[in-house]
Amino acid sequence: MIRRRQLSALLPAGLALAAVRPAAAQSDYPNRSIRLIVGFAAGGGTDLTARTMQPKMQQLLGQSIVIDNRPGAGGNLATELTVRAAPDGYTLLMGTIAALAINPTLHTNLSFNPQTDLTPISQAGSILNVLVVPADRPWRSTAELIAAAKERPDTITYGSSGVGGAGHLAGALLDQMAGIKTVHVPYRGGGPLMTDLVGGKIDYAFSTAPTAIPQIEAGKLRALAVPTLQRSPLMPQVPTVAETLPGYEVGNWYALVGPKGLPQPIVDRLAAAMRATLEDPEVRRHLATHGVEPTPSTPAELARFIRDETAKWAPIVRASGASTN
């Protein structure tokens with residue numbers, strides 16, 4: 001019988017090296033910079049969250065993390081880039097509720113499935129959205145906004161950071177539950193959305209807290225409500241939409257994922273770095289000022305969460321009529 005050592009000696013040198021390289025590549029990961037794709041323009045909630053985590057993650061991993069903003073198609077462009085990347089841990093995605101849980105129902109022609117074509121690593125955080133209007137608009141409550149929309153159907157506009165995002169769903173659900181008809185205006189991220197909202201080019205938005213709060217404090221926007229069931233500790237004086245429309249709730253969250261087939265040692269290393277980053281007091285303090293609650297998880301927990309969120313939102317997306325080709 002040929003022993004393993006003898007068999008290795010008989011193998012061509014190229015094959016022997018090929019067998020060693022994957023394990024070696026995993027053991028010294030990372031040994032170069034990591035590309036973190038964000039599916040929205042700079043300045044929005046996803047981008048701000050990624051950049052808040054960036055310095056600590058770099059310190060823990062010992063390599064630079066390059067944030068690559070790739071807005072388009074509600075996060076689908078960024079997700080597809082990640083799906084097509086090599087599963088070596090050097091291309092990652094800061095995914096959102098839209099990209100990972102909503103778009104499979106919203107878009108009937110996706111070339112990928114987030115549940116099978118991506119590797120879950122860890123949840124990042126849940127983020128507060130705020131229903132805001134330009135300061136020159138007359139509405140001072142959700143009820144007043146609804147009344148105006150009923151008087152002028154198909155004329156009041158609301159913006160979002162992209163089709164299928166939390167802001168889009170929040171507006172669609174408001175239409176559905178309040179019995180109104182408003183016009184959705186999608187943008188390529190929270191930054192461009194905020195520019196037009198402050199400029200009065202659209203009437204309202206469910207904006208992420210990181211982009212909305214500075215404008216609220218500057219007096220350029222007025223906060224009407226938050227889409228959570230309970231009032232937020234960050235803005236305790238702002239009522240919930242549910243106080244006007246009982247049961248109304250729209251969450252928003254981010255998670256770190258990689259391409260399908262990411263080796264388990266690399267997944268474990270990244271998940272550990274995420275947890276340590278999100279447990280760091282300075283990172284937590286900075287995220288809290290932007291309305292982001294850190295929610296680190298195991299890869300298995302994230303996989304279940306994405307599966308549950310997809311199932312939860314599918315009937316709501318269909319009922320809202322927001323589905324697209």
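**Close-up views of a predicted model**

**View 1. Helix H3 bends by about 40° at Gln 54, with a proline, Pro 55, following within four residues.** The bend is the angle between axes fitted to the seven residues ending at a residue and the seven starting there. The model is predicted: local features need pLDDT of at least 70, side-chain atom pairs count only at pLDDT 80 or more, and totals for chains, interfaces and linings use all residues. Residues are numbered from 1 along each chain as its sequence is written, and side-chain values use heavy atoms, without hydrogens and water. H3 covers residues 45-61. Helices are DSSP runs (H or I, at least four residues) and strands likewise (E, at least two), numbered from the N terminus. Gly 62 follows H3, with a positive phi near 75°.

**View 2. The largest nonpolar core has 41 residues.** Such a core is a set of buried Ala, Val, Leu, Ile, Met, Phe, Trp, Tyr and Cys residues joined through side-chain atoms within 4.5 Å. Leu 131, Leu 174, Tyr 204, Phe 206, Val 241 and Tyr 248 have the most contacts inside it. Helix H8 (166-178) is one of the elements giving two or more residues to this core. H8 gives the most, with seven residues. Another core, of 29 residues, lies apart from it; Ile 65, Ile 67, Ala 124 and Val 283 are among them.

Conventions:
The expected span of a helix is 1.5 Å times one less than its number of residues. Buried means under 20% relative accessible area, exposed over 50%, partly exposed in between (1.4 Å probe, protein chains only).
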